[in-house]
Amino acid sequence: PQKDLEWETHLPMRAMATVIAGDKLLVAGRYDRNVDDVVARATGRDTGGLWVLDKKSGEVLDSVDLPCVPQIDGMLVVGDQIVITGSRQVILFGQRE
């Protein structure tokens, strides 16, 4: 075991983008899927998710499904807004001004 490891959390996805926002850690990624899923592979309809974790404990605070798979490093946080880019899509979460 690594001595400096503070916590570890397993998520049902492959992380594609990670951002620290205050006391939260945001992780967006592609859901793990069965490689034999012919429909998803043929249609290209992979899905993704956004997970919000507590930065100190690693506890999952919230999650939401995304309509696409996030691009690698395709997440940005500005103020109270989260921008996620996917293949031909841009997703915006947060309060409208």
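Start with the inside. Twelve residues make up the largest nonpolar core: Ala-17, Val-19, Leu-26, Ala-28, Leu-50, Val-52, Leu-66, Cys-68, Met-75, Ile-82, Ile-84 and Ile-91. By nonpolar core I mean a set of buried Ala, Val, Leu, Ile, Met, Phe, Trp, Tyr and Cys residues joined through side-chain atoms within 4.5 Å. Buried is under 20% relative accessible area, exposed is over 50%, and partly exposed is in between, with a 1.4 Å probe and protein chains only. In soluble globular proteins, nonpolar side chains tend to be buried together.

Now the ground rules. This is a predicted model, in which local features need pLDDT of at least 70, side-chain atom pairs count only at pLDDT 80 or more, and totals for chains, interfaces and linings use all residues. Residues are numbered from 1 along each chain as its sequence is written, and side-chain values use heavy atoms, with hydrogens and water left out.

How far do we trust it? pLDDT is the predictor's confidence in each residue, from 0 to 100. The protein averages 86, and 82% of the residues score at least 70. Confidence is highest in β5, at 95, and lowest in helix α1 (residues 38-43), at a mean of 60. Where pLDDT is low, the predicted coordinates should not be read in detail.

Next, the overall layout. We have one helix and seven strands. Helices (H or I, at least four residues) and strands (E, at least two) are DSSP runs, numbered from the N terminus. The order from the N terminus is β-β-α-β-β-β-β-β. The protein has 97 residues, and 30% of them count as buried. Take contacts between residues at least 6 apart in sequence: 37% of these join residues at least 24 apart. Contact here means heavy atoms within 4.5 Å.

On to the sheet. It is open, with four strands in the order β1-β2-β3-β4 and antiparallel pairing. Two strands pair if DSSP finds at least two bridges between them. β1 and β4 (60-66) are the edge strands, each pairing on one side only. Neighbouring strands are turned by 20 degrees against each other on average, direction ignored. For that angle, axes are lines fitted to C-alpha atoms, for helices over the stretch in contact, and angles run from 0 to 180 degrees between N-to-C directions.

Look at β2. Six of its eight residues are buried, so this strand is mostly covered. On one side, eight bridges join β2 to β1. Met-13 stands opposite Tyr-31, and Val-19 has Leu-26 as its bridge partner. Seven bridges join β2 to β3, where Arg-30 is partnered by Gly-48.

Beyond its neighbours within four places in sequence, Val-19 is in contact with Lys-24, Leu-25, Leu-26, Met-75 and Val-77.

Between β1 and β2 sits a hairpin with two residues between the strands, and Gly-22 there takes a positive phi near 65 degrees. How many salt bridges does the structure hold? One. The side chains of Lys-24 and Asp-23 form it, at 3.0 Å, N to O. The cut-off is a side-chain nitrogen of Lys or Arg within 4 Å of a carboxyl oxygen of Asp or Glu. Both partners are partly exposed: Lys-24 at 30% relative accessibility, Asp-23 at 47%.

Most residues other than glycine have a negative phi, and most peptide bonds are trans. Asp-73 is not a glycine, yet its phi is positive, about 60 degrees. Asp-73 is in strand β5 (residues 70-78). Is Asp-73 buried or exposed? Exposed, at 64% relative accessibility. Arg-88 also has a positive phi, near 65 degrees. Arg-88 lies in the loop between β6 and β7 (89-93). At 86% relative accessibility, Arg-88 counts as exposed.

Last stop: Lys-56, in the loop between β3 and β4. Lys-56 is exposed, with a relative accessible area of 73%. Lys-56 and Trp-7 are 49 residues apart in sequence, but 8.1 Å apart in space, C-alpha to C-alpha.
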